[in-house]
Structure formats: C-alpha cells, structure tokens
Amino acid sequence: MKKILSLLVVLMLAAMTGCAPTPQKSTGASGEGTTKKITIAGNGGKIEKIIREEIAPKFKEETGIEINYIAGLSGEILSKVELQKKAPQIDIAFFVPLDVPRANEKGLVEVIDETKVPNLKNIDSRFIAIDNVAAPAFGLVNAPAYNTESFKKNKIKPIESWNDLASPAYKGKTAFADISNDWGFNTLYSFALANGGSIDNLEPGLKKAKELAGYSSTFYKNSTQMMPAIQQGAADVTVMGSYVIADLAVNSGLPLKMVVPKEGVYMHAFSATLVKNSPNQQEAIDFINYLISEESQKTSAEAGFYPVLKGMKLPEKYESVIGLKESDKTYKPDVKKLAEIRSEWTDRWSKEVTPELGKLLK
C-alpha cells in the first residue's frame, strides 16, 4: 500500500511541475517534433539504387530526414502525381525532360530557383529542361552504341551518322526502342535532324525510321529488355542512354562503345521537381539542393551519369566509353514543343513504322 501511495505522490508532483517523458528530438529540417520523412517518386534501376543505397543514407546522417522511395517510369509518376493533386503524398517527382513541361502545365509542381535551391547556380545549363521548374540531377545523352569486336570481326564500318543505324550489315542484330520509349522518340527526332527535318517537320525522320524497322526484327519497350539482348549477343547495335552503355561496358565488361554521330546527340537529365502543396516542402527542397551538391554529383558520376555541375568531369573509367570531347556536337531541343507533338508522331510511328519490321531482312 505504501508503494502505491508513493507512486501516486510522484505522479502528482510530476504533473504539478510540468515534468513528462522527454519528447524525441527532431532530426528533420524544422528542428522540432518527430523525425521527418519525405517521399520521392523516381526511376527504378540505377537511379533508385544510387539514392537508396548512397545518397539517402548520407542525407539522413546529415539532416535526420528519412527517404521513402517509390520506383516507376516518368509517365506513371506523372499520372500518380496528377491523381493525388488535391492531397499530394509525393514530395519530389523525377521526370524525363518531355514530362517536365507537362507536369508544369498541369500545375503539379512548384517553382524552384536559386533563392530556394542555392546549388542551382552551379548547374550546367545544357542539362536544364525548363528554367525554374526542375533541377537536373542525373545527366546523360541518348546515343548509338555498337559491339566493337563484332564490327571488327565482320568488317563493318564504325557508325558515324544516325543514318548508319539503318543497315543490312547488322543482319537484324539490333536493339532499338519503340516510340513509346523516350529513346525511341529521340531516335525519330535525331533521324529528322540528320535528314533535313526539324522539330516542326519530323517527316524525314519517319521515312528513315521505316528503313530502320525494315532491318530490325523487333522494337523493344524498355531498357530491361534491351540490355539482355546486348549482353547475350542477340544485338550488336543499339541506341541507349549513356549511363546504360557505361554500365554494360565498364561494369559488365562488354566490348560496347558509344558513338556521337556527326549530327550530334541530345544532352539532358533525369530531373527532380518539387510537387505542389506536398506535405514536406522545406525538407524536399533541402534534398533537391543536396542532390545537386558536389558530393552527390560525384556519387552519381561514379555510377556512369554525367555530373550536371559546371566543370565537374566524368570518372576516368568511363571516359573511353562515353566520354564527350569538346568537338562532339550536342543539342538541346525545345522540350515543350516536343512534348506537344509527341502524341501525333507516336501514333504515326505505330501505324507506319512498326508494320515495316523485318521486311528488308527477308
């Protein structure tokens, strides 16, 4: 009985003096409350691996902010953010360049500039899709690549132009993406530029794409289908993102070499956007700024992405495979315009190009 009375006295004294169990210290950006967590929706594969295993743990160690990562394709993420527009659950959404203007026009993302994200001042402008809308984070080019050993063995001339991709010399051993994939749409646009077309006239590109289809046995839907084709020797020629080429050549040891055609390659980046009215705005801004810091960009460069910061170089191990020389031509199209016309040309590709698959191999 005495023990019970003593306990009651202690509890009464605690209540009178305002004493209570000490609340957990915040490790979030606000400095108060419980541990903060932000939700990021981005590409799976290499980008997800870099963020989950390297960048997120370091960010948490420095800020205490945890990362919840949802993997998906850019178009899927755009649809998900739009569905959640009235009650956003995603704080940061990663998009390919053509989806950045779509997200912006739908009112799904916030403005981000140097006043919010100071590290933006160090970004190489060639990677920026639209000013003040997204922060480029994982740089790449879409470019042709070929198996050097196979080309040497079969005495095939190295690729010099986008037009060289449509050739009977490859005997159908190709891995080209379908128009539904960004790599495929970029191939169409590059064909147009190589044959006197423009962003306002992709007709010459479509004509060359029909020839490409004729010498190809199939078009692939995504990189997870294309990579095995290259790895297993089913394809000797492809058009891919430079980071995938780097991974296959350096980390898998394949004799694969990227080509910068004389007409040039499209330089761009997977970009981070701040979702409008998301629940953890400041913490998300802090992460975006950290993502484009020198430390994080060194991490992504080690994985084969071009660093998006001015003056930062690609690691030496990738230079011989995907390194860009000063003389190499790169271009930056009007992504707003490309986003507007994509549906029309996707439809035409499906109706006019796809039916031509394999016809010139017979």
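**Figure 1. An aromatic cluster in the predicted model.** Five rings form one aromatic cluster in this predicted structure: Phe94, Phe138, Tyr243, Phe270 and Phe305. Across the structure, 11 aromatic pairs are found. A pair of aromatic rings is described by the distance of the centres and the angle of the planes. Two individual pairs are shown in the next views.

**Figure 2. The stacked pair of phenylalanine 151 and tyrosine 170.** The ring centres of phenylalanine 151 and tyrosine 170 are 5.6 Å apart. Their planes meet at 25°, under the 30 degrees required, so the pair counts as stacked. Phenylalanine 151 belongs to helix 5 (residues 148-153). Tyrosine 170 sits in the loop between helix 5 and strand 5. The pair therefore ties together parts that are 19 residues apart in sequence. Both phenylalanine 151 and tyrosine 170 are buried.

**Figure 3. The edge-to-face pair of tyrosine 189 and tyrosine 331.** Here the ring centres of tyrosine 189 and tyrosine 331 lie 5.9 Å apart. The planes are at 75°, over the 60 degrees required, so this pair is edge-to-face. Tyrosine 189 is part of helix 6, and tyrosine 331 is part of strand 10 (residues 330-331). The pair therefore ties together parts that are 142 residues apart in sequence. Tyrosine 189 is buried, as is tyrosine 331.

Figure 4. Helix 13 covers residues 335-353. A straight helix of 19 residues would span 27 Å at 1.5 Å a residue. The end C-alpha atoms of helix 13 span only 23 Å. The helix bends by about 45° at arginine 342. Arginine 342 is also among the buried residues of helix 13.

**Figure 5. The start of helix 13 and its buried residues.** Aspartate 334 is shown at the start of helix 13. One of its side-chain oxygens reaches to within 3.1 Å of the backbone nitrogen of lysine 336. Buried residues in helix 13 are Val335, Leu338, Ile341, Arg342, Trp345, Trp349 and Val353.

**Figure 6. The buried side of helix 3.** Helix 3 spans residues 74-83, with Ser74, Ile77, Leu78 and Val81 buried. These residues cover an arc of only 105° around the axis, which puts them on the same side of helix 3. The buried residues of helix 3 pack against strand 1 (37-42) and strand 3 (92-95). Helix 4 is another packing partner.

**Figure 7. A polar contact of serine 150.** Serine 150 is found in helix 5. Its relative accessible area is 12%, under the 20% limit, so serine 150 is buried. The side chains of serine 150 and aspartate 236 are joined by a polar contact of 2.7 Å.

**Figure 8. Positive phi at lysine 155.** Lysine 155 lies in the loop between helix 5 and strand 5. Phi of lysine 155 is near 55°, a positive value in a residue other than glycine. With a relative accessible area of 77%, lysine 155 is exposed. The C-alpha atoms of lysine 155 and glutamine 297 are separated by 39 Å. Along the chain, lysine 155 and glutamine 297 are 142 residues apart.

**Figure 9. Positive phi at asparagine 277.** Asparagine 277 has a positive phi of about 60°, although it is not a glycine. The residue is found in the loop between strand 9 and helix 10 (281-291). At 54% relative accessibility, over the 50% limit, asparagine 277 counts as exposed.

**Figure 10. The setting of the close-ups.** The protein holds 13 helices and 10 strands. Its C-alpha atoms fill a box of roughly 100 × 40 × 40 Å along the principal axes. Of the 362 residues, 51% are buried. Among contacts with a separation of 6 or more, 75% join residues 24 or more positions apart.

Key
Residues numbered from 1 in each chain as written. Predicted model: local features only at pLDDT ≥ 70, side-chain atom pairs only at ≥ 80, totals over all residues. Heavy atoms only, no water. Helix = DSSP H or I, 4+ residues; strand = E, 2+ residues; numbered from the N terminus. Expected span 1.5 Å × (residues − 1). Bend = angle between axes of the 7 residues up to and from the residue. Buried < 20%, exposed > 50% of the residue type's maximum accessible area, 1.4 Å probe, protein only. Polar contact = N/O pair within 3.5 Å; in protein donor to acceptor, adjacent residues only side chain to side chain. Phe/Tyr/Trp six-rings, centres within 6.5 Å; stacked < 30°, edge-to-face > 60°. Arc of directions from axis to C-beta. Contact = heavy atoms within 4.5 Å.
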